Every structure is written in structure tokens, then in C-alpha cells.
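Good morning, colleagues. I shall speak briefly about charged side chains, and I ask you to keep the structure in view as I do so.

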Number of protein chains: 4
Amino acid sequence: MKPEPLRLGVIGLGRIGQIHFSNLRGAIGNAQVVAAADPFSEARDLAANDGITTHATVEALLETPQLDGVVVCSPTDEHANHVAMAAQAGKHVFCEKPLDLSVERVQETLTTVQAAGVQLMLGFNRRFDPHFAKVQSVVRNGGIGDPHMIRITSRDPSPPPIDYIERSGGLFLDMTIHDFDMARYLAASPVTEIYARGSNLVDPAIGEAGDIDSAVCVLSFANGATAVIDNSRKASYGYDQRVEVFGALGMIAAGNERETQHQWLTATGEQRALPKHFFLERYEAAYRLEMQAFVDAIRNEEPVPVTGADGLQALLLGLAAQESMQTNRPVTL
Amino acid sequence: MKPEPLRLGVIGLGRIGQIHFSNLRGAIGNAQVVAAADPFSEARDLAANDGITTHATVEALLETPQLDGVVVCSPTDEHANHVAMAAQAGKHVFCEKPLDLSVERVQETLTTVQAAGVQLMLGFNRRFDPHFAKVQSVVRNGGIGDPHMIRITSRDPSPPPIDYIERSGGLFLDMTIHDFDMARYLAASPVTEIYARGSNLVDPAIGEAGDIDSAVCVLSFANGATAVIDNSRKASYGYDQRVEVFGALGMIAAGNERETQHQWLTATGEQRALPKHFFLERYEAAYRLEMQAFVDAIRNEEPVPVTGADGLQALLLGLAAQESMQTNRPVTL
Amino acid sequence: MKPEPLRLGVIGLGRIGQIHFSNLRGAIGNAQVVAAADPFSEARDLAANDGITTHATVEALLETPQLDGVVVCSPTDEHANHVAMAAQAGKHVFCEKPLDLSVERVQETLTTVQAAGVQLMLGFNRRFDPHFAKVQSVVRNGGIGDPHMIRITSRDPSPPPIDYIERSGGLFLDMTIHDFDMARYLAASPVTEIYARGSNLVDPAIGEAGDIDSAVCVLSFANGATAVIDNSRKASYGYDQRVEVFGALGMIAAGNERETQHQWLTATGEQRALPKHFFLERYEAAYRLEMQAFVDAIRNEEPVPVTGADGLQALLLGLAAQESMQTNRPVTL
Amino acid sequence: MKPEPLRLGVIGLGRIGQIHFSNLRGAIGNAQVVAAADPFSEARDLAANDGITTHATVEALLETPQLDGVVVCSPTDEHANHVAMAAQAGKHVFCEKPLDLSVERVQETLTTVQAAGVQLMLGFNRRFDPHFAKVQSVVRNGGIGDPHMIRITSRDPSPPPIDYIERSGGLFLDMTIHDFDMARYLAASPVTEIYARGSNLVDPAIGEAGDIDSAVCVLSFANGATAVIDNSRKASYGYDQRVEVFGALGMIAAGNERETQHQWLTATGEQRALPKHFFLERYEAAYRLEMQAFVDAIRNEEPVPVTGADGLQALLLGLAAQESMQTNRPVTL
């Protein structure tokens with residue numbers, strides 16, 4: 001085990017980069033941010049105000065002395081490039097998902113990482129949500145017996161802008177990809193077949209952009225389990241994130257966190273608070289816990305809990321879902 | 001055990017009388033209604049339509065051949081009289097509470113019943129609510145260890161008419177008396193002291209009628225437990241009936257039944273249904289189960305589960321609460 | 001409107017027949033049981049004890065004077081026959097589902113009923129569950145906007161005997177048929193396509209009998225909505241009956257009723273009661289309310305709320321689900 | 001408004017001091033920790049590692065240039081002394097409660113603070129719990145009408161060591177004092193009378209140390225509302241923190257946060273997680289939000305939301321509760 005705190009550089013100080021930056025400075029133990037890189041000077045100023053050395057380029061950041069690893073939060077189309085650069089410089093890498101939308105590009109990058117002998121952890125943050133992690137832990141420990149049926153509901157509070165949708169790779173690669181990973185995490189078995197249906201119910205503009213906004217996927221696993229994922233780009237009541245695993249000996253489910261816990265009863269009914277609005281609020285603890293898991297794995301020289309291979313599998317599921325939807329029949333994996 | 005169904009007469013076919021009548025004809029096993037009495041011919045017609053022999057007087061009903069017992073649902077000020085008449089005729093008696101508001105009258109009646117060698121069960125229906133009965137059963141079986149604190153919330157959806165309040169004996173004897181019995185049922189220990197506070201917050205007319213509409217009572221039990229009861233004549237959201245018992249090893253609570261179980265989420269919040277409106281809906285199962293318990297006890301020649309002595313104790317607590325409120329200090333029992 | 005109570009005969013006094021019999025005698029208003037038929041004398045004795053005229057044959061029962069209608073609770077393979085006999089005798093019919101497992105037989109029977117000018121109500125009792133009825137009412141009244149996604153979970157506490165399974169028509173016709181009707185009830189739109197997957201996970205003997213015990217069906221509706229149904233023959237924690245409808249403006253869900261409502265906390269966790277065990281307990285109110293709806297419709301000369309055509313649609317969905325499972329591709333309706 | 005971040009010194013780096021220190025460095029905006037003081041060098045090292053100037057004495061810390069305020073987290077018997085020193089140095093003060101257990105000492109200190117023209121905020125953290133704050137906000141905005149009944153349950157997971165209890169001032173001053181403040185916060189009206197009962201049920205050693213471990217207090221407010229507080233030093237299922245306010249138009253309640261949200265059903269029942277274990281977990285957000293409120297108030301030159309006068313009122317209630325318990329009668333305030 002490395003006795004000193006891990007020395008990390010943050011690449012990209014946008015919304016998610018700032019979250020990891022702030023967590024690494026405060027809540028996360030045994031880690032220090034020693035450098036940050038962003039092409040925009042305003043973004044760099046945020047880090048500089050906290051006394052951190054900043055750089056305009058990744059190349060410059062990677063020259064930081066005694067740098068143990070990097071946290072890649074750059075735009076998606078730079079992920080693979082920055083991961084490869086860091087790996088070739090001998091740094092361990094935490095990278096926001098997806099690594100890339102091209103299977104070939106992902107495979108190349110994983111080869112580069114492997115050749116460099118460093119670890120790559122992919123940011124499937126939902127695995128670290130305390131509620132979902134509890135579900136997975138009970139399932140893994142046999143608490144519901146063999147899993148038969150997994151249900152995942154994942155609905156966003158509102159669709160992203162159309163120009164985002166146009167570059168997103170489509171709902172299955174942009175949104176369901178999280179749920180594919182969650183299904184794999186809960187089933188702990190390879191997917192053998194997928195059937196996907198999609199529709200355009202939320203906003204005609206999404207359909208005109210060539211995408212869907214509502215979907216159902218049915219996944220079959222080698223261990224006999226089936227998973228059903230349902231997605232919507234717009235839940236008027238907020239961010240709806242639920243999982244359920246049903247098995248031979250029981251069932252375990254976990255749902256949303258509410259804004260507050262109150263129960264307010266008047267003559268017209270009982271009111272409760274809505275789910276926490278979106279991913280930054282809902283997965284606040286998950287972002288912290290995933291980064292701590294990365295720091296701990298690197299310091300303890302243990303395998304990181306989510307690998308590039310997990311990212312590749314989720315990507316392959318997304319592509320298979322697209323094929324199933326287009327051909328309207330199940331696709332074997 | 002009596003092999004045949006119990007043959008019962010119903011005295012009084014008002015609202016609560018009709019409930020017992022209908023339950024005895026349908027849901028309750030091993031019992032038959034063989035006669036009914038009510039001074040009003042309209043009330044008698046209801047029973048007659050179902051082929052039951054009806055009488056205008058209790059005396060006539062008591063002459064029914066092979067009558068095993070009676071169910072007394074007459075107006076409160078006739079309870080003691082009808083119980084005594086039935087007991088002297090050798091019939092077992094189920095009587096709606098209260099037996100009477102006079103301690104002397106209650107004691108006389110209990111003496112008469114005892115002399116007659118029949119059983120008298122008092123209708124503290126809430127003991128038979130499945131939720132509260134489960135709480136009591138877990139407590140009795142040691143599931144929370146020694147009880148330390150009992151909390152009872154009991155709020156009506158709206159106050160009765162003022163002329164009812166004027167004849168009711170006051171909130172402690174009319175409403176809290178149920179909660180005193182529930183506290184005794186849950187604590188299973190004698191009350192040693194009571195402190196009561198009352199106020200007039202719901203309707204000034206109740207205060208002008210010399211009564212209170214809001215109250216808190218603190219009861220101390222010989223086993224060291226304390227109970228807190230809070231009452232209101234008006235909960236705008238409906239009938240609020242909750243109990244909680246906290247002890248050395250845990251806590252068990254049971255609350256309201258809702259009209260329906262739905263959860264309805266829209267952009268403005270989550271809506272749930274209100275508690276079932278009032279006692280006829282909330283305690284539907286309890287009314288059925290208490291009558292079945294009476295029938296079973298008589299047929300099996302076992303003691304009835306709620307006795308006249310229980311009614312007397314609740315009455316004494318109500319009177320002590322009145323004294324405590326008036327003197328503003330705890331009253332020892 | 002018929003001013004007098006409806007005069008009904010009950011055909012078949014097995015488990016479900018007794019429930020309808022008892023409800024019609026007690027809880028249901030404006031109806032009388034005037035005759036009952038069952039080939040077994042022990043079954044007839046139950047009714048005779050309550051003073052009801054009994055018959056060994058349906059023919060004899062149908063000669064009861066002034067009979068308004070019948071309630072058919074005979075074994076499934078006699079349903080069509082008894083419905084036809086009653087219709088030809090000019091009696092309105094309430095019939096337990098399914099009418100028959102043969103589409104041709106069902107169509108013939110519906111033709112006979114129509115020709116006779118009587119009404120036929122099919123016993124899809126779950127539509128009358130107060131919780132599900134509330135969900136449907138909110139959806140119909142626009143409370144969640146256009147429906148996008150319907151989720152139905154329907155799991156039995158344990159599988160029926162193998163010899164029952166062998167005669168059942170298979171899981172889709174025996175168990176999912178209820179959920180097909182529920183999906184139609186909630187979507188209020190024709191089904192256009194169905195995709196079904198089944199597996200044998202609960203008991204190998206079920207597979208050896210040629211049936212499945214676990215299934216997922218995805219239904220597409222003409223209005224754009226999608227429904228997902230998941231079934232299991234064995235939920236170790238009891239009878240699991242839940243629905244959820246998600247739409248453009250919100251979501252409404254309703255779940256299980258628990259045995260009791262308590263919350264019991266000790267050092268090892270919080271315990272709550274399991275769902276009510278099986279259909280007789282869970283749908284107690286639904287059985288009462290569906291029969292009341294039949295009685296009210298006939299007396300008021302209004303259409304019954306669930307018709308033979310609803311039964312036919314559910315049957316066609318079950319057969320399409322079988323085809324989809326066997327061909328492993330979606331089936332268009 | 002002060003344009004720059006507030007420059008604060010932290011006095012005392014024990015358990016609660018470290019929480020405020022870490023929050024001020026990370027989650028709290030517009031504030032900087034510029035110095036820290038602790039007599040123990042190990043405690044100082046924690047801050048020094050983060051690059052903060054540390055001091056062994058409060059005197060030295062108060063000489064920090066451009067210091068805006070201090071956060072007093074020293075041992076309770078030093079609170080008054082450190083508050084006075086800081087005030088006399090012209091610094092605003094956030095102080096952990098209680099200010100002191102002596103009414104005279106508290107009054108002297110408040111006089112000193114007032115004379116110095118600085119602000120003093122007392123750390124009644126529970127007011128900043130998001131759930132309780134929501135309850136208070138709904139009540140204040142008339143969402144339940146005039147408040148009639150306030151119920152506060154406050155139970156610790158286990159009693160502190162006996163030597164702590166001996167120095168604590170007793171349960172009413174050490175534990176209930178939080179609930180007195182919560183009752184005042186929710187009622188928004190002066191207390192006119194208090195009745196308190198205490199008992200020794202958890203551990204005889206607590207009784208031998210002259211203290212109680214279980215208590216009930218009934219508070220009357222000038223606006224007619226009544227509050228009931230129930231306390232225990234030991235809830236075997238964890239930290240139990242609940243409030244409920246019932247009023248003329250409705251009721252609002254808020255309860256515990258659970259460790260995780262899962263529902264786990266097996267053949268033996270449904271299991272849920274226990275409440276978060278103790279105050280550091282339960283009130284994690286509250287600690288952050290109260291410090292942010294202090295920072296914002298000082299920067300905006302607005303009154304702090306919890307004052308020394310609030311601390312004095314809670315102290316007076318604790319002393320009145322002791323008197324009520326000893327005399328076994330209500331005490332007027």
C-alpha cells in the first residue's frame with residue numbers, strides 16, 4: 001500500500017470535473033489534487049483560487065512530478081485520447097463514461113492501457129449509490145436466491161437540448177448504457193440476448209433528430225435471469241431511478257431519495273416530496289464513493305471495481321439494442 | 001364446547017346495532033341472530049326483511065327459546081338496564097361501551113352480572129383492530145423488551161353535534177376512554193398516576209358547552225412505563241388512529257389504513273390517499289373480530305377477552321383525567 | 001330500474017362459488033340468492049343450511065320462478081355450456097373467467113348470449129380492486145397525461161399442483177390472462193403487438209409438464225403506450241400484485257396490501273408484514289365490488305362493465321403470447 | 001455585503017470542530033478557514049497538514065489579521081470564556097451549544113457580546129435539518145393552520161459514559177435541551193408552562209449517578225399549542241429523531257433518514273434499514289447548512305438565525321423541567 005495520499009491530476013473542469021475536484025479536496029481521504037488542466041482559463045481559475053497548479057494542456061499536466069494518476073473529465077470525444085496519453089505516461093486513470101462510442105476505438109484504448117500496465121476505472125457511478133450497492137450486495141450474498149427477474153426504471157426529468165441529442169449516439173448509448181451496466185452488475189452473468197423497443201412520445205423534435213425518447217429493453221442472461229429496463233427522457237415528477245431484483249427466495253428493491261421526508265396531510269390528501277431532481281443530487285454520495293473506491297484500489301494495488309471491459313460490454317449492449325429496435329426482433333450476443 | 005351455533009338476540013338496531021346484526025348473519029361463524037328488539041318499527045323492519053323475529057321490547061326478546069346471549073346496542077343510558085335484565089334472564093351479554101358513566105351504576109351492574117353467573121364482554125373494539133392487536137401481541141411476547149413509552153394518537157375527523165357533546169360526559173369519558181383502554185391493553189400493568197391537560201381550540205361552542213376538544217394525558221404504570229395520549233375532536237385530514245410502543249429492545253408502531261394505496265406523482269408533488277374516514281371504515285375488521293371473539297369465548301366456555309372490569313378501569317381513568325385537568329396537577333390512582 | 005332486489009342463482013358452490021354466495025347474502029345490496037346448484041350434496045348442504053333452495057342440476061335451477069340471473073362458478077370446462085344454457089333461458093349471466101380456452105367456443109358462446117338478448121359479465125375481478133380502480137380512474141381522467149408505459153407485476157405465492165398446470169392451458173392463459181386484461185383496462189387502447197419470453201426457473205416439474213413458470217410480456221398499444229408484464233408462479237414472500245402507469249404528466253402506482261401495517265424496529269433492522277397471502281385475501285374487496293357492479297348494471301339496465309368481448313381479447317393475447325414465445329419474435333395482432 | 005469570503009478561525013479541533021473545519025474547507029461557500037487553535041499538538045497537526053496556520057491558544061488565534069469571526073468548538077466549560085474573548089476582540093462568533101449551564105454566566109456572556117456589537121450564533125443544528133426545516137416552513141406559512149399539538153421524539157442509540165452523565169447537567173440540560181429548542185422553533189410562541197416526568201429505565205448506573213434516562217415533557221405555549229417531547233437515552237434500533245405538528249387545517253411530520261432505502265422481502269417478512277446511527281450521520285446536512293447560514297448572515301450583515309437568547313430560553317426550560325420533575329407538578333414560566 002502506498003503510505004502517502006494519492007497524487008492526482010484532474011483533466012477537464014466542467015460540471016462533472018468540478019464535482020470530482022471538490023470531492024477529492026474535501027470528502028475523499030488519502031488523495032490530493034496536485035494539478036488540473038482545462039483549455040479554458042475561466043475553468044482553470046477555479047482551481048487556481050484553491051492554490052492548485054493548473055495547465056492549459058494535458059501534456060503539461062502529465063509532466064507534474066510524482067503524479068500517480070489522472071481523472072479524465074474532458075468532453076466525451078476526447079476521453080479515449082486522454083486515457084491513452086495518461087496510460088502511456090504511466091498514470092492510472094479514472095475516466096468518465098463512455099470511453100468512446102466506437103467499439104474499435106474502445107478496444108484500441110483498452111489495448112493501450114493494458115500495454116502500459118496501468119489501471120483504468122470507468123465512471124459507472126450508479127454502482128456506488130448506497131441503495132443500489134446494498135441491493136447488489138444482498139443479491140450477491142444469496143439473500144434472494146438465484147435471480148429470476150431484474151427490473152430497472154430510469155427516467156430523466158427532462159430531455160437534453162436537441163443538439164446534444166444529435167451528438168449523443170442515441171438513447172441506448174447515451175442513457176440506457178447506464179442501465180445496461182446496472183443490469184450486468186445486478187445479474188453477475190453474461191447477457192445472451194436483447195430485445196428493444198423504442199418510441200418517440202415525449203417530443204416530436206427528438207424523433208425528427210432521428211432518436212427515440214421512450215424505450216423498453218428485455219435482456220436475457222446466461223444464468224436464466226431476465227432484466228427489463230424502461231426509460232423515458234421526461235418524467236414530469238423528476239429523476240426516477242429504481243431497481244428491483246426478484247429471485248427464488250425473495251425480492252429486494254431500492255427506489256428514489258426524496259428531497260425531504262415530510263408527510264403533509266390536509267383535507268385534500270397527503271403530500272410528499274418529489275424525488276431528488278437530477279443526477280447531481282441523486283448520486284451525490286455515489287460520485288464520492290466511486291472516487292474513494294478508485295483511490296483505495298490504486299493505493300492498495302488492487303483491481304479497480306469497474307473496468308474498461310465493463311464499458312465495452314455496455315457499449316456492445318447499446319449497439320445490440322439499436323439493432324433489435326431496427327429489426328424488431330431479439331438480437332443474440 | 002357448544003356444538004351448535006350460538007343463538008343471539010340483538011337489542012337496538014341503530015347504526016352500530018346494524019353492523020353487529022349484519023356481521024352475525026354473514027361474516028361471523030358459529031352464530032345465528034334469532035331475534036332482534038327495537039322500539040322503532042322502521043328499525044325492526046330491517047331485521048324482519050331478513051326473516052328474523054323482532055320485538056318492540058327487551059322483555060319480549062328475552063323470552064326467545066334457547067337464547068344463548070344478547071348483543072346490547074341500545075342508547076348508552078339504557079346499557080346498564082339492558083345488561084342487568086339479560087343477566088338476570090341468564091343470558092351472556094356483549095355490550096357496547098360505556099356500560100354507564102356513573103361508577104356506582106357500573107359497579108352495581110357488574111355485581112348483578114356476577115351474581116347471575118353469566119359473562120359480560122364490553123365492546124372496546126379497537127383491541128381487535130388487526131394492526132393494534134399485532135402491536136400488542138409483539139409487545140406481550142417480548143418483541144420490544146420491557147415497555148418504556150406508549151404513544152397513542154387518536155383524533156376524530158370532526159366533532160359531534162353540540163347537543164351530543166353536552167350529554168357525552170366530556171371528552172375524557174366520551175373519546176379518550178377508548179385510548180385509556182388501549183393504553184391499559186398495551187401496557188398490561190395498572191395505572192398509578194395520570195396528568196391531563198385539555199384545551200378548547202377546535203370550536204368555541206364546545207368550550208361554551210363546558211367541554212374541551214383537544215387534550216394530552218400522561219399515564220404512569222406500575223411497571224415503569226409511561227403513556228402519552230393526544231386527542232383532538234377535529235383532524236381535517238380524517239380519522240387519525242396510531243399507536244407506538246417503545247421498549248428496552250425495540251419499538252413497534254401501527255398507523256392508519258388509507259382509502260387506497262396509490263402513489264400519484266406529478267410535477268407538483270406526490271399525492272397519497274387520506275386515512276379511512278371514520279370508525280365504521282377504519283374499524284370494520286375490528287367490529288367483526290370482536291364479535292367473533294365473543295362468540296368463540298361463550299361457545300368454548302372461556303373468559304371473554306374484554307370484561308366489565310376493563311370498562312370500569314377506563315371510566316375511573318376518565319374521571320381522574322377530569323380531576324387532573326381541573327386541579328392542574330397529577331392525580332394518583 | 002328494477003325496484004326489487006335482483007333474484008340470482010349460484011351455479012357451483014366450490015371455493016369461488018361460496019365467496020360469491022356469501023357476499024350476495026351479506027355485503028351486497030339489492031340482490032338475493034334464491035337458488036343454488038351443485039352436483040355434490042355436501043356443497044349443496046352449505047346453502048341449504050342458510051335456507052336456500054338447492055338443485056343438483058343447472059336445468060333445475062334455471063326453472064326457479066322469477067330468476068333474474070345466474071352466477072356461474074362451475075369448473076372452467078363447463079363455463080361455456082352453463083353460460084349458453086342460462087342465456088337461452090333468458091337469464092343474465094355473471095361468469096368466472098375464462099369463458100373457455102378455445103377461441104371458437106368463446107365466439108359461439110358470445111353469439112348465443114347476444115342472440116338471447118341477455119348480458120354477460122366476465123369475472124375479471126382485479127378491475128374492481130379499489131387500488132387498481134383508483135389508478136385506472138386517475139389515468140382515465142388525465143391525471144398523468146397520455147400513458148407511455150404500463151408496468152404490471154403479478155406473482156403467485158406458489159405454483160398450483162402439476163396436474164392443474166397440465167390442464168391449465170399454460171401460464172399465459174391461466175395466469176397472465178388477468179394481467180392482459182389489466183393492461184387493456186389501464187391502456188384503454190387496442191393491443192397492436194406482443195413479445196413474450198418465458199422460462200422454467202421455479203420447478204423443473206413444471207417444465208416437464210410442458211409449461212413455463214416465469215415470463216415477461218411486452219405489449220404495444222395503438223395509442224403509443226407500451227406495457228410490460230412480469231410473472232412468476234412463486235414469490236416466496238407471498239402474492240405480489242402491483243401496477244404502475246407512467247405518462248406525459250406524471251405517474252401513478254398501486255401495490256400490495258399488507259397483512260398488518262406495523263413497523264417493528266429492533267437492533268437487527270425494521271420488520272414489516274408481508275403482502276396478503278393470496279387472491280382470496282388480496283382481492284376480498286374486489287370480489288364484493290365486482291358482484292355489486294353486476295347487480296347494479298342489471299338492475300339499472302346498463303351495460304355490464306366487463307364483457308365477454310373483454311374475455312375474448314385477453315384469450316387472443318394469451319394465444320399470441322404463446323406464439324411469440326415459441327417463435328421468439330414479436331407477434332402482430 | 002462583504003465581497004470576499006469570510007475569514008474564520010476554528011477554536012477546538014475535536015470531533016465537532018473537525019466537522020466544521022472540513023465543511024468550511026469544502027462544501028461551504030464564501031468562507032475560508034484562516035487559522036485554528038487547539039491546546040493539543042496532535043489536533044493542530046490535522047489542520048496544519050491542510051496548510052492552515054495553527055495556534056495553541058485562543059489569544060494567539062484572535063490576533064490573526066483580518067479575522068472576521070470564530071467558530072467555538074472547545075469543551076463546554078470553556079464556551080462562555082472563548083465567546084467573550086472573541087467578542088471583545090470584535091469577532092463574530094458561532095458557538096456550539098450550550099453556551100453554559102449557568103443562567104448567570106449565560107446572561108453575562110450575552111451582555112458582553114451585545115456590548116461588543118458582534119453577532120453570536122448558537123449551534124442548534126437540528127433547526128437546519130432539511131426535513132425539520134421543511135416542517136417548520138410549512139407550519140410558518142400556514143400550511144396546517146394554527147398549531148394545536150407538537151410531538152417530538154428524540155432517542156439516542158445508547159447512553160454516554162457515566163462520567164459524562166455526571167458532568168452533563170442531567171438529561172433535560174444535556175439532551176432535551178435540543179428538543180426544547182425544536183419545540184420553540186416549531187411553535188413560534190413563548191412557553192407558558194411545563195410538566196416533566198423522568199424515570200430510570202435504561203441503566204441503574206444512570207440512576208445511581210443522580211440522573212434519569214427516560215422522560216416526557218408537556219409544554220404549553222402562549223398561542224394555545226401543546227408540545228409533547230419524549231426522550232430515551234437508549235433506542236436499540238438507533239437514533240430516533242421525529243417531529244410532528246398538528247393544526248387546525250392539517251398535520252405535517254418528518255422522521256428518520258434510513259441508512260439505505262431498500263425493501264427486502266423473503267418468506268419471513270419485509271426488512272428495511274434502520275435509521276442513520278447517530279447525530280453525525282443524521283445531521284450531516286444540518287451541520288453544513290447551519291454553518292452556511294452563519295456565513296451568509298455575517299457576510300450579508302443580517303441577523304443570525306439562532307441567537308444567544310434562544311440558548312438562554314432552552315436553558316431556562318431545562319431548569320424548569322428539572323423543577324417540575326422534582327416537585328411533580330407543572331411549573332409556570
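In which helix of chain D is D:Arg44 found? The model before you is a predicted one, and in it D:Arg44 belongs to helix H2 of chain D, residues 41-49. This arginine is buried and yet has no salt bridge. The nearest side chain of opposite charge is that of D:Asp38, 5.8 Å away; a salt bridge would require a nitrogen and a carboxyl oxygen within 4 Å. Beyond its neighbours within four places in sequence, D:Arg44 is in contact with several residues, including D:Leu13, D:Thr54 and D:His55.

Let me turn to charged residues that are paired. Over all chains, the structure holds 83 salt bridges. In chain A, A:Asp179 meets A:Arg126 at 3.1 Å, N to O. The aspartate lies in helix H9 (residues 176-187), and the arginine in the loop between strand E6 and helix H6, 53 residues apart.

Is A:Arg127 buried or exposed? With a relative accessible area of 9%, A:Arg127 is buried, and A:Asp181, at 1%, counts as buried as well.

In chain B, B:Arg282 forms a salt bridge with B:Asp129, their closest N and O atoms being 2.5 Å apart. This pair spans 153 residues, from helix H11 to the loop between E6 and H6 of chain B.

Finally, salt bridges with shared partners join A:Arg151, A:Glu244, C:Arg155, C:Asp230, C:Asp240 and C:Arg242 into one network.

Conventions. Residues numbered from 1 in each chain as written. Chains lettered and ligands numbered in written order. Predicted model: local features only at pLDDT ≥ 70, side-chain atom pairs only at ≥ 80, totals over all residues. Heavy atoms only, no water. Helix = DSSP H or I, 4+ residues; strand = E, 2+ residues; numbered from the N terminus. Buried < 20%, exposed > 50% of the residue type's maximum accessible area, 1.4 Å probe, protein only. Lys, Arg positive; Asp, Glu negative; His and termini not counted. Contact = heavy atoms within 4.5 Å.
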